[in-house]
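Look at the model below and pick out its helices and the loops that join them. The paragraphs that follow go through a few places in turn.

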Amino acid sequence: MASDGKEPPKMDQVKSFLSGGAAGVASVLVGHPFDTLKVRLQTSNQYKGLADCFRQTVAKEGFFGLYKGITSPLIGVTPMFAVSFWGYDVGQQLVYASTPNRKSKDLTMTEYALAGGFSAVPQTIITTPMERIKVMLQTQDTAGGSGKKYKGMFDAGLGVYREGGIAGLYRGTVATLARDIPGSAAYFVGYEFFYRLLKPKDAPISIGAVLFSGGMAGVTMWSIAIPPDVIKSRIQASPAGTYKGFMDCATKIVVKEGPGALFKGLGPALLRAFPANAAGFLGREAALVAMHSMW
C-alpha cells in the first residue's frame, strides 16, 4: 500500500465495532469448549483433571455439552470486543493527551499497558452480566439438585434478575475488574510486542504475525489472570451470601483447598488462549480488510 502512494485506510467507530465483533465471534467459536472445561474445573471438585473433565462432559452430555452457555458470549462479544478495542484507543489518546511534549509518536510498552488496562473498565459493564449468565449455564449440570434450573441464556438472565435484580447480574464485578485490568494490560502489550517483533517492516499486514501475536496475547493474559478468574467463577456460581466479597472468597478457597486451587483451570485456559485469540485477531483483521475495501 505504501508503495503505490495511497494513504493507509482510516479507522472509524463503525469499523471498530464490527471488526471487534468479528474478533469476538471467531474467538468464542474456537475457544468456548476450553472455557466450559475451565469453569467446571474451577467450580467443582468432581474431576481429577482436564482430561477427566472432558471425558465426563462428553460422556454425559455429548460433544455439544462443551458448547453449553455459548449463546451468552456470542451475543455479548460484539459490544464487548467493540468496547474493549474502543477503550484501548481511548486509553492511547489519554496517554498522548497527558504527554503533549513527547518526542516520539510511538508508545512504550508501559503506555500500551496503561491503555490496555483502561480498556477493561468500560468493558466490565458488558462482561460481568454476560459471564454471570454463562457461568450459571455451564455449571448447572454439576451443581446440587435435580434437573436443569435454566433452559437457556434468556431464561437464565431472567431467573438471575428475578432472584437478585441488577445486583444479581453484576455479582462478581470486583473480581472481573481484578482479572481484566491487569489481564487487558498484558493482553494488548503481548500483541503489540510480538506483532512489532514479527511483522516485516514494508508489509501492510502479516497474517502469520497476526496469528502468532494474537495467540501470544491470549497466553500472556491468562498467565496472570487465572487466580482472580477462579474467584470470579466461584462468586458467580455460588448462592447469594456464600461469600462476603472478593477477599473473603479468596481466603476461603486458600484455607479450604490450598493456594493451588487459585490456579484451577489454568490448563484449559492456556490451551484455549492461543487458538481462540489467534482466531480473534485474524477475524478482526479480515473484517477490517473487507471494510477498508468498501469505505
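Start with Leu 107, which has a relative accessibility of 9% and therefore counts as buried, the cut-off being under 20%. This is a predicted model. Leu 107 sits in the loop between H3 and H4. Along the chain, Leu 107 and Tyr 96 are 11 residues apart, and 8.6 Å separates their C-alpha atoms.

At Glu 163, H5 bends by about 105 degrees. The buried residues of H5 include Met 153, Val 160 and Leu 169, and several glycines are among them too: Gly 157, Gly 159, Gly 165 and Gly 168.

Now turn to the nonpolar residues of the interior. In soluble globular proteins, nonpolar side chains tend to be buried together. The largest nonpolar core here has 37 residues. Those with the most contacts inside this core are Phe 81, Tyr 187, Tyr 191, Trp 222, Ile 231, Ile 253 and Phe 281. Each of H1, H3, H4, H6, H7, H8 and H9 supplies at least two residues of the core. H7 gives the most, with 10 residues.

The last topic is empty space. Rolling a probe the size of a water molecule over the atoms shows where such space is left. The structure holds one cavity of 30 Å³ or more, and the volume of the largest cavity is about 500 Å³. Which residues of its lining are closest to its centre? They are Met 80, Phe 81, Glu 131, Trp 222 and Arg 272, out of 32 lining residues. Phe 81 and Trp 222 were also named above for their contacts inside the core.

H1, H3, H4, H6, H7 and H9 each supply at least two residues of the lining of this cavity. The largest share, eight residues, comes from H1. By type, the lining divides into 13 nonpolar, 10 polar and nine charged residues.

Methods:
Residues numbered from 1 in each chain as written. Predicted model: local features only at pLDDT ≥ 70, side-chain atom pairs only at ≥ 80, totals over all residues. Heavy atoms only, no water. 1 Å grid on protein atoms, 1.4 Å probe; cavity = no way out; pocket = protein on both sides within 12 Å on 5 of 7 lines; lining within 4 Å. Points joined across faces, edges and corners; volume = space filled by probe spheres on them. Helix = DSSP H or I, 4+ residues; strand = E, 2+ residues; numbered from the N terminus. Nonpolar A, V, L, I, M, F, W, Y, C, P; charged D, E, K, R; others polar. Core = buried A, V, L, I, M, F, W, Y, C linked by side-chain atoms within 4.5 Å. Buried < 20%, exposed > 50% of the residue type's maximum accessible area, 1.4 Å probe, protein only. Bend = angle between axes of the 7 residues up to and from the residue.
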